[in-house]
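Here is a short briefing on one protein model. Keep the sequence and the structure in view while reading.

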Amino acid sequence: MSVVDHNAIELPRISEAEVGDYIALLKPRVMSLVIFTALVGLMIAPVHVHPVLAFTSILCIAVGAGASGALNMAYENDVDALMTRTANRPIPRGRITPTEAAAFGITLAFFSVMTLGILVNWVAGALLAFTIFFYAVVYTMWLKRWTAQNIVIGGAAGALPPVVAWAAATGTLSVEPILLFLIIFFWTPPHFWALALFRSDDYARAGIPMLPVVAGPDATRLQILLYTIVLVAVALAPWPLGYFDAIYGVTSLVLGAGMLWLAIEVYRRREGVAANRATRRLFAFSILYLFALFAVLLAEVVVRAIAPVLIG
């Protein structure tokens, strides 16, 4: 009769994850921005989209963004555990394993792309697949740990949702979604570098070559100012070019002046509490800046839709 060593038997792991842990993998804050910018891209398209297809498109883009977040966390669980900002995520806390997160992300990515492609169109489906691949592989696995320009290049992934939404509505691409892409693309560096300035210790501890860690805070402040100048010009350009209306143009001008002023403050104030306050103010205002720009475009669409009804 053989003796069984019960201590040598490895029992299957029972997951402690709750629904909230899987929701956290989706990066809900990032997803909310993706949903909003994609909705604007869909609404400004010059075609009528059936409500069911519109809902399906936004849902697939949102789920695709969530898949990217889950795959990002699955790969970055080692550095997440080292950073104060991310240490409370489900994987560092031991609630979900990297393998479970990766399987969750791959499943969401597959079904979001296939659903968008089959039910809406394959141009949008292909663009969504590219967006997920770019964020999860190009940015997360390569750029983020390799170059201080990680946010600049990787920002393309975050700028694509309105382009995907436009393609879902029209099956093609045009100047308008490219303009939205450029606004988000040039918004991303000053937004994230402002965060990186007051979180630089976190990134240094994790070995992430963010610009403040590699080039120093002063060089980062200069880059923030330069990118903000480009952002303000790019965001204003659609108005004189005739793509967006005057309300958008005036809003862009006012918000751009605020964004530029705060970037100048970040450049000027380099030490102590004043420097920290300036970077935090820029980071907070940048969120308002992007939201307000896109909200005005959405409002213009709504006003144009209801104006004939009100006049009639």
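Over which ring does the charged end of arginine 280 sit? The ring is that of phenylalanine 198, and the charged end of arginine 280 lies 4.2 Å from its centre. This is a predicted model.

**Aromatic pairs**

- The model holds twelve aromatic pairs.
- One of them joins tryptophan 193 and tyrosine 227 edge-to-face, with 5.5 Å between centres and 75° between planes.
- This pair links distant parts of the chain: tryptophan 193 is in helix α9 (residues 175–198), and tyrosine 227 is in helix α12 (residues 217–236), 34 residues apart.
- Tryptophan 193 has a relative accessible area of 0%, so it is buried.
- Tyrosine 227 is also buried, because its value of 16% falls under the 20% cut-off.
- Phenylalanine 198 and phenylalanine 283 form another edge-to-face pair, at 6.0 Å centre to centre and 85° between the planes.
- Phenylalanine 198 belongs to helix α9 and phenylalanine 283 to helix α14 (residues 272–311), so this pair ties together parts 85 residues apart in sequence.
- Phenylalanine 198 is buried, with a relative accessible area of 17%.
- Phe181, Phe185, Phe186, Trp193 and Tyr227 make up one aromatic cluster.

**Charge over a ring**

- Phenylalanine 198 thus has two partners described here: it pairs with phenylalanine 283, and the charged end of arginine 280 sits over its ring.
- Arginine 270 lies over the face of tyrosine 267, 4.4 Å from the ring centre.

**Nonpolar cores**

- The largest nonpolar core contains 91 residues.
- Ile183, Tyr289 and Phe294 have the most contacts inside this core.
- Helix α9 supplies its largest share, 13 residues.
- Leaving aside residues up to four places away in sequence, tyrosine 289 touches Trp187, Leu231, Val232, Ala235, Leu255, Gly256 and Met259.
- A second, separate core has seven residues, among them Leu25, Met73, Ile96 and Ala101.

**Salt bridges**

- Side chains of opposite charge can pair when their charged atoms come close.
- There are eleven salt bridges in the model.
- Glutamate 18 bridges to arginine 95, with the closest N and O atoms 3.6 Å apart.
- Glutamate 18 is in the segment before α1, and arginine 95 is in the loop between α4 (77–80) and α5 (98–119), so the bridge ties together parts 77 residues apart in sequence.
- Glutamate 18 is exposed, at 54% relative accessible area, whereas arginine 95 is buried, at 17%.
- Glu18, Asp21, Arg93 and Arg95 are linked in a salt-bridge network.
- Glutamate 265 meets arginine 268 in a salt bridge of 2.5 Å, N to O.
- Both residues, arginine 268 and glutamate 265, lie in helix α13 (residues 246–268), three residues apart, about one turn of the helix.
- Glutamate 265 also meets arginine 269 in a salt bridge, at 2.7 Å, N to O.
- Glutamate 265 counts as buried at 7% relative accessibility, while arginine 269 is partly exposed at 34%.

**Backbone at lysine 27**

- Lysine 27 has a phi near 55°, a positive value in a residue other than glycine.
- Lysine 27 is placed in the loop between α1 (19–25) and α2 (28–43).
- Is lysine 27 buried or exposed? At 12% relative accessibility, lysine 27 counts as buried.

Definitions and conventions:
Residues are numbered from 1 along each chain as its sequence is written. This is a predicted model: local features need pLDDT of at least 70, side-chain atom pairs count only at pLDDT 80 or more; totals for chains, interfaces and linings use all residues. Side-chain values use heavy atoms; hydrogens and water are left out. Rings of Phe, Tyr and Trp (its six-membered ring) pair if their centres lie within 6.5 Å; planes under 30 degrees apart count as stacked, over 60 as edge-to-face and the rest as tilted. Helices (H or I, at least four residues) and strands (E, at least two) are DSSP runs, numbered from the N terminus. Buried means under 20% relative accessible area, exposed over 50%, partly exposed in between (1.4 Å probe, protein chains only). A charge sits over a ring if NZ of Lys or CZ of Arg is within 6 Å of the ring centre and within 35 degrees of the ring normal. A nonpolar core is a set of buried Ala, Val, Leu, Ile, Met, Phe, Trp, Tyr and Cys residues joined through side-chain atoms within 4.5 Å. Contact means heavy atoms within 4.5 Å. A salt bridge is a side-chain nitrogen of Lys or Arg within 4 Å of a carboxyl oxygen of Asp or Glu.
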